[in-house]
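This briefing gathers computed features of the structure shown below, grouped by topic. It is meant to be read with the coordinates open.

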2 protein chains.
Amino acid sequence: MRGSMTRQVDRVNGQVPRRSAREAAALIPPDATVAVSGFGGVGYPKAVPRALAAGDRDLSLSVVSGGGVGEEIDTRLVEAGAVERRYPFQADRTMREAVNSGRVAFHDVHVSRMGDETVLEQLFSIDVAVVEAVAVGRDWLIPSTSIGPTPAYVAAADELIVEVNRAQPLALGQMHDVYRRSPPPRRGSIPLSYPGERIGTERIEFDPGALAAVVESDSRDSPYEFREPTGKDEAIAANLAAFLADEVERNRFLRDRLCLQFGVGSLGNAVIRALRETAFPERDVVYFGEVIQDGLLDLLAEGVVDVASATSLALSDAGQDRLFDNVESYADRTVLRPVDVSNNPDLVSRFGVVGVNSAVDVDVYGHVNSTHIGGTRLVNGIGGSGDFARNAMISVVALPSVTSGGDVSRIVPFARHVDHTEHDVDILITEHGIADLRGRSPRERAAAVVEQCADPAFGPALESYLQRAGEGDGHVGHDFETAFDWQDG
Amino acid sequence: MRGSMTRQVDRVNGQVPRRSAREAAALIPPDATVAVSGFGGVGYPKAVPRALAAGDRDLSLSVVSGGGVGEEIDTRLVEAGAVERRYPFQADRTMREAVNSGRVAFHDVHVSRMGDETVLEQLFSIDVAVVEAVAVGRDWLIPSTSIGPTPAYVAAADELIVEVNRAQPLALGQMHDVYRRSPPPRRGSIPLSYPGERIGTERIEFDPGALAAVVESDSRDSPYEFREPTGKDEAIAANLAAFLADEVERNRFLRDRLCLQFGVGSLGNAVIRALRETAFPERDVVYFGEVIQDGLLDLLAEGVVDVASATSLALSDAGQDRLFDNVESYADRTVLRPVDVSNNPDLVSRFGVVGVNSAVDVDVYGHVNSTHIGGTRLVNGIGGSGDFARNAMISVVALPSVTSGGDVSRIVPFARHVDHTEHDVDILITEHGIADLRGRSPRERAAAVVEQCADPAFGPALESYLQRAGEGDGHVGHDFETAFDWQDG
């Protein structure tokens with residue numbers, strides 16, 4: 001029913017201001033705060049950013065997205081010197097360098113909060129929203145491969161530019177469930193009782209007076225690619241599967257349903273695939289997370305996972321092909337939501353999510369650095385990892401025990417940057433083992449992490465740090481003289 | 001109506017197993033996990049812990065409370081060598097020393113999660129619950145001056161011991177709103193639409209088969225005392241009032257209602273009092289927090305605050321006298337709830353709470369240490385500070401810029417322990433000023449914190465640290481060689 005309605009919609013409907021990408025780009029003031037659609041590297045506008053970067057105006061834009069977007073925005077606009085500020089996430093080498101060198105000012109936000117922060121105007125006030133759609137009318141649009149905080153951006157923007165992308169299937173609308181919350185203090189809870197339920201529409205509606213331009217485009221997303229799983233990825237996945245198999249037996253709230261979330265990236269994707277081998281008999285397995293990655297398509301296709309809820313189809317090119325060829329078969333069991341619903345703290349808690357997220361490094365007490373290499377160099381941003389780690393029934397952090405060269409331990413005595421505290425991590429998993437931190441004192445946690453999870457090459461140095469740390473008084477032992485130079489200590 | 005019903009209830013109703021404190025204490029196995037009522041230093045059992053401590057058995061108990069309890073538990077039982085483990089909060093010198101020396105293993109939990117953690121048996125499995133009540137029947141009790149996670153403890157315990165305390169007014173029941181959530185994954189949201197609304201009952205119900213003993217007692221709480229506000233407290237309070245006065249003008253979601261929360265302690269209490277001088281015309285001011293302290297009684301009495309919702313009456317002796325003499329006049333506008341409702345992340349978000357919490361120290365980028373002096377020595381525990389800091393519409397951290405002797409800066413370059421990350425702090429306030437961190441990059445935040453909030457005696461050393469930190473590449477600048485010894489750097 002929903003499918004047949006979608007097919008009758010034209011790409012561009014009614015009286016709308018059609019413009020070329022160049023004309024639309026010219027409507028954006030040189031110092032504007034520009035919000036763009038896009039999450040997980042997909043569903044972002046392409047033609048207008050390209051035209052902006054190619055223009056000869058002197059721009060100092062603030063660029064706001066939900067999650068990762070394509071090189072049209074985070075490479076080209078940066079190379080053109082057009083970006084002064086960036087919120088709240090990026091996954092692009094050029095943008096990362098610009099942030100780390102201080103050329104672009106970056107502010108990081110839990111992505112579940114971006115809708116509220118936008119409406120509250122706490123961080124910025126949006127001048128123009130540039131949004132990719134599969135179809136548009138004079139007061140509505142249907143998003144493409146991601147939703148993210150786009151409904152809030154559209155509502156808050158003074159002016160709206162819509163890119164209608166013919167390379168994105170019109171049938172994507174069948175996946176969408178756009179639900180908008182009222183603001184505090186009279187806001188209700190989100191009336192979602194199951195990850196697969198629908199409570200909204202396929203459309204984002206807007207004030208027709210805000211629609212400044214409709215631009216046609218025809219370019220596919222350029223999503224990031226997942227690398228092939230390494231031996232370590234597979235060992236981590238096996239440890240996770242073993243943990244889950246035990247936990248579903250122990251935990252009576254997982255007796256009839258296991259609700260999972262996996263972080264974005266190659267490790268997350270590898271871990272998902274590994275669950276194909278794990279049997280969870282007599283249980284529904286559902287996914288309530290932020291992104292749908294290639295591995296999850298397999299699990300949906302094979303019926304291992306019943307339904308999947310997310311805010312983005314963060315698929316590789318091959319994954320997009322597979323999905324686009326079968327949108328209707330996936331659409332019944334796959335829902336894309338605004339990110340303030342997909343990542344909502346209360347829903348994560350209500351559904352009893354088991355959240356699995358990766359990290360840059362973790363310390364022996366359970367503090368997690370998920371954003372800054374060496375404590376200083378931004379990788380991507382916190383994204384939704386805090387939404388899930390803080391509110392999951394069980395919060396798992398899974399990572400290799402050493403960096404890919406093997407010469408740096410990712411288990412450290414003292415995290416150089418903390419994104420998730422010891423209060424928000426239950427289980428730590430590496431390729432070597434599983435440390436269950438629940439209910440344990442800091443001393444006990446540290447001993448378990450070193451014993452179960454550290455690489456043997458670093459175990460003795462970590463143990464000798466803990467020895468030094470234990471000589472002082474205190475609930476959490478530290479030797480601050482050698483906390484950062486612990487291998488020489 | 002509710003009042004007159006309460007007055008007809010006897011202290012002890014129906015057939016219950018009356019026991020002396022000593023007989024009841026003897027029912028507790030020597031290695032039991034014992035959950036006790038009590039939060040904010042009030043509403044904890046007194047007679048049975050005293051009898052346990054005075055007995056001659058060799059005990060190794062795990063003691064679980066919601067928040068702070070009295071010396072009957074955290075001093076006497078520790079001195080008797082009876083405690084092996086403690087969850088998730090304490091506010092007692094003797095217990096603190098035992099934790100910091102490693103004699104007692106301590107595990108800290110966001111207190112909003114204690115109900116769930118108990119039911120899920122993730123941290124422990126409760127053998128016996130010892131609960132203070134103002135009245136008891138064969139399958140119900142009415143809590144006294146705090147509720148905390150007691151409903152979950154009562155439901156999870158194999159055996160229940162109730163202390164009926166005649167020193168606590170029976171009319172306290174009029175304040176209570178005991179609402180119990182169903183567990184995940186089929187749990188709904190909490191149907192509370194306003195901080196003053198009631199959705200439950202005054203009673204905690206239980207399986208009559210679990211009731212092992214009813215003990216009568218007649219001792220008042222021994223709550224901690226608030227010190228008189230210092231000049232710094234007053235300057236901090238004035239800065240907070242100035243911030244709020246500006247913010248209610250700027251923020252349209254505060255246009256008709258300001259919903260506040262204040263952390264526990266003398267500073268919080270001083271800050272509340274200062275709001276008496278601040279006018280919020282044409283706005284409801286309501287309180288949705290964790291504890292009701294003395295200062296809040298003034299605001300309720302004077303009509304500055306319309307209603308107050310919390311889980312504990314964390315009052316001084318004088319405050320208790322004042323409340324006990326006028327329970328009925330406060331009860332219409334004061335609600336005590338289970339802590340998984342009072343601190344519920346979704347309600348904090350839905351009501352648009354402006355949360356004000358203190359800290360041990362904070363770093364220039366906005367990471368907050370609220371639990372460990374010097375990064376190692378436990379003070380109390382995280383309590384509810386994370387529930388509010390993470391989910392508030394605006395998260396304020398307010399603290400003096402230096403320790404009471406003035407020789408140690410509480411604004412530091414790098415926090416030695418992190419409980420709340422830069423992602424969860426919007427505003428930093430000291431006696432010197434206000435730093436608005438919203439939407440700012442780490443470099444901008446650091447500059448604002450040093451300029452607005454640091455004590456002038458430490459400003460130059462902090463600036464020189466930031467100079468060194470800025471010489472390296474990276475989004476968050478640090479000089480790890482001098483991050484902890486920054487004053488000599």
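A salt bridge is counted here when a side-chain nitrogen of Lys or Arg lies within 4 Å of a carboxyl oxygen of Asp or Glu. The model is predicted, and every value that follows is computed from it. Under that rule, B:Glu72 forms a salt bridge with B:Arg50, with 3.5 Å between the closest N and O atoms, and a search of the whole structure, over all chains, finds 56 salt bridges.

**Salt bridges within a chain**

- In chain A, a network of salt bridges links A:Glu247, A:Arg250, A:Asp436 and A:Arg438.

**The interface of chain B and chain A**

- Contacts across the interface involve 83 residues of chain B and 83 residues of chain A, and the two chains bury about 6,900 Å² between them, of which 47% is on carbon and sulfur atoms.
- The rule finds nine salt bridges across this interface, together with 45 residue pairs in polar contact, both residues being at pLDDT 80 or more.
- On the side of chain B that touches chain A, the residues divide into 27 nonpolar, 28 polar and 28 charged.
- A:Arg377 and B:Asp473 meet through their side chains in a salt bridge of 2.5 Å, N to O; this pair crosses between chains, from strand 18 (residues 377–378) of chain A to the segment after helix 18 (459–471) of chain B.
- Both members of that pair fall in the partly exposed class, A:Arg377 with a relative accessible area of 26% and B:Asp473 with a relative accessible area of 42%.
- A further salt bridge joins the side chains of B:Arg390 and A:Asp387 at 2.7 Å, N to O, and this pair also crosses between chains, with B:Arg390 in helix 16 (residues 385–391) of chain B and A:Asp387 in helix 16 (residues 385–391) of chain A.
- B:Arg390 and A:Asp387 are both buried.

**Strands and sheets in chain A**

- Three strands of chain A form an open sheet in the order 16-15-20, with mixed pairing.
- Strand 16 (368–369) and strand 20 (411–412) of chain A stand at the edges of that sheet and have a single partner strand each, so one side of each is left without a neighbour in the sheet.
- Strand 15 (residues 361–363) of chain A is joined to strand 16 of chain A by two bridges, and these strands run antiparallel; A:Val362 has A:Val368, in strand 16 of chain A, as its bridge partner.
- Strand 14 (residues 354–357) of chain A is covered on both faces, with A:Val354 and A:Val356 buried on one side and A:Gly355 and A:Asn357 buried on the other.
- Strand 14 of chain A runs parallel to strand 10 (residues 257–262) of chain A, to which three bridges join it, and A:Gln261 has A:Gly355 as its bridge partner.
- Four bridges join strand 14 of chain A to strand 19 (residues 394–398) of chain A, again in parallel, and the partner of A:Asn357 in strand 19 of chain A is A:Val397.

**Helices in chain A**

- Helix 11 (residues 294–301) of chain A is mostly covered, with seven of its eight residues buried; these are A:Asp294, A:Gly295, A:Leu296, A:Leu297, A:Asp298, A:Leu299 and A:Leu300.
- The elements of chain A that cover the buried residues of helix 11 include helix 10 (266–274), helix 12 (317–324) and helix 13 (327–331), as well as strand 11 (284–288), strand 12 (308–310) and strand 13 (334–336).
- After helix 11 of chain A comes A:Gly303, which has a positive phi, near 80 degrees.
- A:Ala448, in helix 17 (residues 442–453) of chain A, is buried, with a relative accessible area of 9%.
- When neighbours within four places in sequence are left aside, A:Ala448 is in contact with A:Ala435, A:Arg440 and A:Cys453.
- A:Ala448 and A:Ser101 are separated by 347 residues in sequence and by 38 Å in space, C-alpha to C-alpha.

Technical notes: Residues are numbered from 1 along each chain as its sequence is written. Chains are lettered from A and ligands numbered from 1 in the order in which they are written. This is a predicted model: local features need pLDDT of at least 70, side-chain atom pairs count only at pLDDT 80 or more; totals for chains, interfaces and linings use all residues. Side-chain values use heavy atoms; hydrogens and water are left out. Two strands pair if DSSP finds at least two bridges between them. Contact means heavy atoms within 4.5 Å. Buried area is the accessible area (1.4 Å probe) that two parts lose on being put together, summed over both. A polar contact is a pair of N or O atoms within 3.5 Å; within protein, one must be able to donate a hydrogen and the other to accept it, and residues adjacent in sequence count only if both atoms are side-chain atoms. Ala, Val, Leu, Ile, Met, Phe, Trp, Tyr, Cys and Pro count as nonpolar, Asp, Glu, Lys and Arg as charged, and the others, Gly among them, as polar. Buried means under 20% relative accessible area, exposed over 50%, partly exposed in between (1.4 Å probe, protein chains only).
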